[in-house]
Amino acid sequence: MTIKKRTIEYNDQIVRQFMLASIVWGIVGMLVGVLVAAQLNFKFLNFNTEYLSFGRLRPLHTNAVIFAFVGNMMFAGVYHSTQRLVKARLASDFLSKFHFWAWQLIIASAAITLPLGLTRGKEYAELIWPINIAVALVWVIFAINFFWTLGIRRERSLYVAIWFYIATIITVAMLYIVNHLSIPTSLTHSYPIFGGVQDALVQWWYGHNAVAFFLTTPILGIMYYYLPKAANRPVYSYRLSVVHFWSLVFIYIWAGPHHLLNTALPGWLQSLGMIFSLMLWAPSWGGMLNGLLTLRGAWDKLRKDPVLKFFAAGVTFYGMATFEGPLLSIRSVSALAHYTDWIIGHVHAGTLGWNGFMAAGMFYFLAPKLWKTKLYSTPLANLHFWLGLVGILLYVAAMWISGITQGLMLNGADSKGILNYPNFLETLQSIRPLMGFRVIGGGLYLIGFLLMAYNICMTIKSGKPVNGSFEVEEEEPTAERLTLIKTLVSPAFLYSAGLTVFSCMWLMGAGAFSIAGLVLVFMTALLAYAHYQKSGANFGKWYDKLLENSFPFTVLTLLAVLVGGVVQIVPLVTVDRDSIVEDRMQVPYTPLELAGRDLYVSEGCYNCHSQMIRPFVSEVKRYGDYSRLGESVYDHPYQWGSRRIGPDLARVGGKYNDSWHYDHMLKPEQISPGSNMPSYPWLFKKDIDYSALPSKISVQQTLGVPFENWTDQEVIESAQSQAQEIADRLSEQGKEIERDREIIALIAYLQQLGKSEDLRVDMAKAKTTNNL
């Protein structure tokens with residue numbers, strides 16, 4: 001055996017860059033977050049300016065926190081820890097630099113386009129198509145650099161943190177690409193290829209698992225590396241980490257439909273999402289306990305070490321958020337909590353408590369090492385911790401109380417179906433003080449984060465950049481690695497695959513098919529037990545061999561996440577849309593109504609209003625008949641919404657006259673006293689972009705929307721004709737405005753909401769004809 005000694009200098013410059021970028025963008029994202037939270041109580045903070053309105057800034061806040069703050073933090077942690085875990089410098093300095101600067105350019109592009117109203121109108125997926133292509137390309141660059149580095153590693157086995165990084169890279173790529181499939185209508189606008197319920201399912205398959213594989217799995221990898229390092233203790237249980245990883249990766253991908261409970265989504269998908277969400281309790285808490293128990297024997301250090309304080313609190317918040325998530329996925333709990341502030345509190349417990357505290361702990365751990373100095377001020381770091389902790393608890397508690405209060409008030413009805421609180425604004429007024437506490441909690445957290453930024457800056461000032469190095473004894477490999485073919489034909493994989501397939505048959509089948517699945521599960525389990533007992537084979541040894549080759553490990557991870565996506569997504573997106581419309585079919589939009597819908601999306605109205613009436617007595621009494629699948633079948637993108645700061649709009653069409661909508665968009669407080677809705681004066685000044693309509697209609701036709709085969713001129717004339725009709729009606733109602741203003745198109749869209757063709761009438765006519 002030939003042994004060579006070599007000193008490796010790590011590329012820590014890229015780590016420093018991503019870390020500092022994360023801090024800067026974190027401040028921006030949180031500052032915008034405090035502003036939009038304050039806008040809910042003090043609408044004058046919208047400044048009557050389109051670029052600073054709540055609907056446009058809220059997506060900026062979420063994207064900045066997710067992709068800029070956590071994204072940059074994740075890249076810093078992955079690049080720093082991976083080099084040390086594989087005992088190799090990053091494969092390409094050029095790719096690392098390209099990754100950094102391209103990612104910052106993407107973030108800057110988002111920061112410009114979102115306030116301009118350039119959006120796809122889907123939560124966490126708002127970025128326009130040219131930026132989405134850039135995101136995908138940069139993610140590929142990240143993947144190449146990462147897997148190339150694994151390919152030249154000098155550490156034979158893959159440590160647990162690397163497993164989570166691999167799962168993150170391949171799953172985020174899959175989720176992002178599928179959910180962002182669109183057909184452009186211009187350089188800044190596109191329509192998603194999925195519509196209605198199909199778009200809703202794909203969106204929350206992405207939205208839920210973006211949380212899982214962008215905000216959870218990479219941070220778990222960071223936990224498995226930095227927490228033992230900071231505590232100077234080994235991971236509590238290697239076996240538990242194996243179970244944690246594979247069960248989390250397999251189960252998480254199925255849970256997306258729990259975001260659509262009690263909606264028009266098919267019942268089997270709702271049940272599937274709820275069941276797998278409840279199953280998530282086990283692996284999530286297994287990971288939390290593995291992290292906290294790693295601190296055994298080091299709890300005394302928490303009193304003095306701010307790094308361990310942040311890590312311990314972050315892991316605790318992870319446990320709290322992953323307990324609350326499955327709880328909220330129970331259908332009856334979701335009926336109360338969905339569309340309320342409870343969901344907001346849940347999300348922020350995860351982002352501020354789990355992601356934010358893990359980021360702070362990692363930054364305080366890394367800064368002295370990356371700049372070869374001591375942390376400037378431990379007392380400041382401790383102050384940051386307590387400010388952040390009090391801020392989170394105040395924020396989350398306020399949102400819990402607000403959400404439960406609002407849910408009870410909105411769902412409240414007596415035995416005769418009479419609403420206890422018929423005016424939506426009554427619920428809004430009752431939670432205003434709690435929304436104020438939300439601002440205070442968020443402000444405290446931001447102040448703590450600013451203290452960290454100052455502390456890190458002063459630490460940098462007192463030191464100098466230093467790249468870490470490590471001397472390794474480089475051995476030539478002597479043992480044959482486990483190849484992909486050998487992995488796929490190994491008993492361990494075959495038994496695991498059989499148990500997975502047969503379990504799906506059992507849980508999702510019916511009748512004899514389900515019973516056969518149950519029998520096959522038991523038979524496979526018994527066969528596996530007998531095989532391992534007789535052969536003396538050891539699963540642990542096989543798994544250790546698997547970890548020596550990243551390629552088959554990556555393929556198995558991809559298969560684990562593909563199963564849930566294929567079972568859930570493929571049946572619904574490939575079915576004929578006409579076969580799942582229930583008893584109503586949406587009436588296609590006119591060109592002017594389509595223009596108005598695009599304005600609705602552009603202004604971010606989906607951030608405050610839903611378009612999905614659940615089959616509850618309280619909602620039917622308040623908003624109208626419950627929503628059917630067919631009523632949004634032509635909606636690209638879907639607009640069911642996830643929050644009700646204002647009432648549901650699914651059946652608002654025809655409820656009020658045109659002048660009501662005119663006044664409501666110009667001076668909402670005069671129409672609805674106590675409303676926190678901002679005004680939209682720019683809609684009364686800007687002209688409708690008629691020239692964009694032919695391209696939009698053409699794309700809609702490509703997507704299967706049954707528009708007439710108009711010429712470009714006919715499309716424009718149709719829109720102008722309808723606009724003139726609305727302008728004339730407004731004139732009759734005492735409102736004078738030119739027909740080409742954007743408010744005319746928006747009114748056209750709002751007046752169309754809820755219009756559909758009743759298929760029961762057609763079926764009855766057809767039955768009568770057949771009888772004759």
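Reply: A helix here is a DSSP run of H or I with at least four residues, numbered from the N terminus. The model is a predicted one. In it, helix α28 spans residues 742–752 and is followed by Gly754, whose phi is positive, near 100°.

Me: Why does Arg644 count as buried?

Reply: Its relative accessibility is 2%, and the limit is 20%, so Arg644 counts as buried. Arg644 lies in the loop between α23 (617–623) and α24. Beyond its neighbours within four places in sequence, Arg644 is in contact with Tyr339, Gln406, Phe424, Cys608, Ser610, Met612, Ile613, Arg614, Glu619 and Tyr623. One of these, Phe424, is 220 residues away along the chain, yet the two C-alpha atoms are separated by 9.9 Å.

Me: Why is α5 called roughly antiparallel to α7?

Reply: The axes of α5 (residues 160–179) and α7 (residues 217–231) come within 8 Å and cross at roughly 165°. Since angles over 145 degrees count as roughly antiparallel, the pair is therefore given that name. The crossing is also left-handed. On the α5 side the contact is made by Val160, Ala161, Phe164, Tyr165 and Thr168, while α7 contributes Thr217, Pro218, Leu220, Gly221, Ile222, Tyr224 and Tyr225. By class, that contact has 9 nonpolar, 3 polar and no charged residues.

Me: What makes a set of residues a nonpolar core, and which residues touch the most other members of the largest one?

Reply: The members must be buried residues of the nonpolar kinds from Ala to Cys, joined through side-chain atoms within 4.5 Å. The largest such core has 175 residues, among which Phe213 and Phe363 touch the most other members. Helix α2 (residues 54–86) supplies the largest share, 17 residues. Not counting residues up to four places away in sequence, Phe213 touches, among others, Ala167, Val172, Leu175, Val249, Tyr252, Ile253 and Val561.

Notes
Residues are numbered from 1 along each chain as its sequence is written. This is a predicted model: local features need pLDDT of at least 70, side-chain atom pairs count only at pLDDT 80 or more; totals for chains, interfaces and linings use all residues. Side-chain values use heavy atoms; hydrogens and water are left out. Axes are lines fitted to C-alpha atoms, for helices over the stretch in contact, and angles run from 0 to 180 degrees between N-to-C directions. Helices (H or I, at least four residues) and strands (E, at least two) are DSSP runs, numbered from the N terminus. Angles under 35 degrees count as roughly parallel, over 145 as roughly antiparallel, 65 to 115 as roughly perpendicular and the rest as oblique. A crossing is left-handed if the near helix is turned anticlockwise from the far one by less than a right angle, and right-handed if clockwise. Contact means heavy atoms within 4.5 Å. Ala, Val, Leu, Ile, Met, Phe, Trp, Tyr, Cys and Pro count as nonpolar, Asp, Glu, Lys and Arg as charged, and the others, Gly among them, as polar. Buried means under 20% relative accessible area, exposed over 50%, partly exposed in between (1.4 Å probe, protein chains only).
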